[in-house]
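Thanks for coming. I will go through one model this morning, starting with a helix pair and ending with a pair of rings.

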Amino acid sequence: FGYKGYLVMVRLVASVLLIARLLSLSNAFTSQPSFVIPVNDKLRKIAGYRRDSLNVLHMAAFESVDEISLDAEERMEKSVSNLNQNLQTIRTGRASPAMLDLVMVDYYETPTPLNQVAGISVTSSQQLTLTPYDKTAMEDIERGIIDSGLGLTPNNDGNVIRINIPDLTEERRKEFMKQCKALGEDGKVAIRNVRRDGVDAVKKMEKAGSIGKDEMLDGLDEMQKITDTYVKSADDAVQKKESELMKL
């Protein structure tokens with residue numbers, strides 16, 4: 001085997017690792033990004049949000065129109081689910097751990113979700129209590145909450161951090177209503193992008209001769225029906241959140 005043989009083996013292993021790394025990067029760029037939208041510009045920046053990332057959708061090769069429809073429906077459902085998740089981060093006058101879901105903490109110089117560095121509990125209808133897993137991170141947690149733009153003021157007693165949820169002012173209420181509408185529009189953009197790619201996939205099958213014109217038209221009609229259903233779901237989610245804001 002010898003020294004030369006050893007060098008050959010080392011180079012071979014290094015080549016295999018390099019190829020695996022390149023394939024991993026390729027998959028990362030072609031996979032569909034999750035639709036999670038921070039509620040304001042500060043949180044958008046923290047989470048590395050880019051609006052145009054919603055326009056990226058990787059469509060796999062399909063064998064039938066039904067597969068395309070099922071895939072599109074699954075993606076649209078995820079978009080609505082993520083919209084609901086983002087709407088939960090918009091605070092009302094009641095305490096909810098979900099309102100802190102997008103708060104990031106600079107923990108040892110690494111942006112980390114707040115709920116990974118502290119336990120969050122509801123002390124009362126208008127107060128949250130945070131118990132840091134690492135007491136040395138208290139100041140970083142406070143800074144993350146303040147910088148989030150949620151309009152919340154943390155109080156640190158050395159052991160826990162308490163956040164009193166103030167009543168919404170009329171100005172703040174209007175601001176949150178605008179955020180709801182913006183999130184809803186972003187959600188519908190994601191849904192329509194899925195529709196666009198689904199329509200393209202159906203047309204390509206017809207062009208390739210895999211399906212006939214009538215089946216293509218039926219597929220396009222079904223795609224529109226699915227889209228209308230999930231666009232309505234997005235509108236309903238926004239209206240529900242707006243109603244919650246108006247009642248408080």
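Helix 5 and helix 6 are roughly antiparallel to each other, where the label stands for angles over 145 degrees, with under 35 as roughly parallel, 65 to 115 as roughly perpendicular and the rest as oblique. This is a predicted model, in which local features need pLDDT of at least 70, side-chain atom pairs count only at pLDDT 80 or more, and totals for chains, interfaces and linings use all residues. Residues are numbered from 1 along each chain as its sequence is written, and side-chain values use heavy atoms, with hydrogens and water left out.

Back to the pair. The axes of helix 5 (residues 170-207) and helix 6 (residues 213-247) come within 10 Å and cross at roughly 170°. Axes here are lines fitted to C-alpha atoms, for helices over the stretch in contact, and angles run from 0 to 180 degrees between N-to-C directions. By class, 15 nonpolar, four polar and eleven charged residues form the contact of helix 5 with helix 6. Ala, Val, Leu, Ile, Met, Phe, Trp, Tyr, Cys and Pro count as nonpolar, Asp, Glu, Lys and Arg as charged, and the others, Gly among them, as polar.

What else packs on helix 6? Helix 3 (residues 65-88) does, at an angle of about 10° and with the axes 10 Å apart. That makes helix 3 roughly parallel to helix 6. The contact of helix 3 with helix 6 has 13 nonpolar, six polar and five charged residues. On the helix 3 side, the residues include Val65, Ile68, Met76 and Leu83, and on the helix 6 side Met223, Ile226, Tyr230 and Lys241 are among them; contact means heavy atoms within 4.5 Å.

Now the whole chain. The protein chain has six helices and six strands, which are DSSP runs numbered from the N terminus (helices H or I, at least four residues; strands E, at least two). From the N terminus, the order is α-α-α-β-β-β-β-α-β-β-α-α. Of the 248 residues, 40% are buried, meaning under 20% relative accessible area, with exposed over 50% and partly exposed in between (1.4 Å probe, protein chains only).

Last, the rings. The count comes to one aromatic pair. The ring centres of Tyr107 and Tyr108 lie 4.7 Å apart with the planes at 75°, so the pair is edge-to-face. Rings of Phe, Tyr and Trp (its six-membered ring) pair if their centres lie within 6.5 Å, and planes under 30 degrees apart count as stacked, over 60 as edge-to-face and the rest as tilted. Tyr107 is partly exposed at 24% relative accessibility, whereas Tyr108 is exposed at 60%.
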